[in-house]
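Reader: I would like to go through this model briefly. Please show it, and then take my questions one at a time.

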Amino acid sequence: MFSFFKKKSPPAEVPSTPAAATPVVSAPVTDKAPTPASTPTAPPSSQADAAPAARQGWLDRLKAGLRKTGSSITTVFTGTRIDDELYEELETALLVADTGVKATEHLLQDLKRRVKDTKATEPSQVKTLLADAITDLLQPLQKPLSIGDHHPTVIMVAGVNGAGKTTSIGKLTKHLADEGLSVLLAAADTFRAAAKEQLAVWATRNTVEIISQQGGDPAAVSFDAVSAGRARGRDVVLVDTAGRLPTQTHLMEELKKIKRVVQKADGTAPHEVLLVIDGNTGQNALAQVKAFDDTLGLTGLIVTKLDGTAKGGVLCAIAREKPIPVYFIGVGEKLEDLETFNAREFAQALLS
């Protein structure tokens, strides 16, 4: 379950009495005072365990997805000594995992410091310290998506063709709807064949409205959607923009146009500009982040297709060179395979 930080309007004030100042306990009201030994009734185990169990299932899928990346790194720690050879092998493994030169240098320096400070003597201890170093490096990327500061919250989503942009929008729509939020979709990806139809399937599946035009201009569709979202009182407007490569200058300019037109419909929008990147593309994904950020000013990332990738280290490269928050990561095609990003969970899954 996504852990959205959803700001709500403060409740209306009501006259208070001295008795009302006492915290209210969620327990049945009775006409007998509780005995000193009484304790609040625990929720049913099925309810209490549902969320942790779901998260654990997600972590298992994440570990399986990152196994190809992690195996090349963890084999470094199968020896018996902590020496220069271990660090050289680790450097190679991190580079192969597309961690990048800058992030690799940072991690090795940090790791050596931790080994010295803790007086570690076993390679297995170094592996644990590396997980801590990766966690600290990735921590700036961990940030929840905020919904509710604006009505509607306008989220513009970009990404190259094949990254899983429209599918990620569909999954995000489902999770937003499950949180009780009303969503309006904008089919502004008029560049790719069948993109509008694909988004329409998600709209039908999630029982949300969609704004589209037959052969319409992407900017015009976006304007209509934001205007409709405001008029209809929707919580979120998700704008699916056209997939394109950052080398396609004329199409990148079109993205700028969409953003400008969205701002005309709502002077504060877009409130989030997300980029969907394919975790399998490694350093190319980092290049995309830099290019799209220069064009649009990104506020967050969705990293997909981490299942079975050997290039999962790219998140470390992003954290070191372009630390834009990673709101969600995906390890498969199923709805539950897109989840919120947690730095500690990712580091542990990478080295599990």
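Author: Rings of Phe, Tyr and Trp pair if their centres lie within 6.5 Å. Planes under 30 degrees apart count as stacked, over 60 as edge-to-face and the rest as tilted. The model is predicted.

Reader: How many aromatic pairs does the structure hold?

Author: A pair of aromatic rings is described by the distance of the centres and the angle of the planes. By the 6.5 Å cut-off between centres, the count for this structure is two.

Reader: What is the angle between the planes of Tyr327 and Phe328?

Author: These rings lie 6.3 Å apart, centre to centre. That is within the 6.5 Å limit. The pair is classed as tilted, with the planes at 55°.

Reader: Is Tyr327 buried or exposed?

Author: Buried means under 20% relative accessible area. Phe328 has 1% and is buried. Tyr327 has a relative accessibility of 2%, so Tyr327 counts as buried.

Reader: Which class does the pair of Phe341 and Phe346 fall into, stacked or tilted?

Author: Both residues are buried. Their ring centres are 5.8 Å apart. The planes meet at 55°, so the pair is tilted.

Reader: Which residue lies over the face of Tyr87?

Author: A charge sits over a ring if NZ of Lys or CZ of Arg is within 6 Å of the ring centre and within 35 degrees of the ring normal. Here the distance from the ring centre is 5.1 Å, and the residue is Lys112.

Reader: Why is strand E3 largely enclosed by the rest of the structure?

Author: In a regular strand the side chains alternate between the two faces of the sheet. On one side of E3, Thr153, Ile155 and Val157 are buried; on the other, Val154, Met156 and Ala158 are buried. E3 covers residues 153-158, and it is largely enclosed because its buried residues number six of six.

Reader: Which residue of E6 is the bridge partner of Ile155?

Author: E3 and E6 (residues 236-240) run parallel. Five bridges join them. In E6, the partner of Ile155 is Leu238.

Reader: Which residue of E7 stands opposite Met156?

Author: E7 spans residues 272-278 and pairs with E3 in the parallel sense. Four bridges link the two strands. Opposite Met156 stands Val273.

Reader: Is Asp293 buried or exposed?

Author: Asp293 sits in helix H10, residues 283-296. Leaving aside neighbours within four places in sequence, Asp293 contacts Leu298, Lys322 and Ile324. The limit for burial is under 20%. Asp293 has a relative accessible area of 18%, so Asp293 is buried.

Conventions: Residues numbered from 1 in each chain as written. Predicted model: local features only at pLDDT ≥ 70, side-chain atom pairs only at ≥ 80, totals over all residues. Heavy atoms only, no water. Phe/Tyr/Trp six-rings, centres within 6.5 Å; stacked < 30°, edge-to-face > 60°. Buried < 20%, exposed > 50% of the residue type's maximum accessible area, 1.4 Å probe, protein only. Pairing = 2+ DSSP bridges. Contact = heavy atoms within 4.5 Å.
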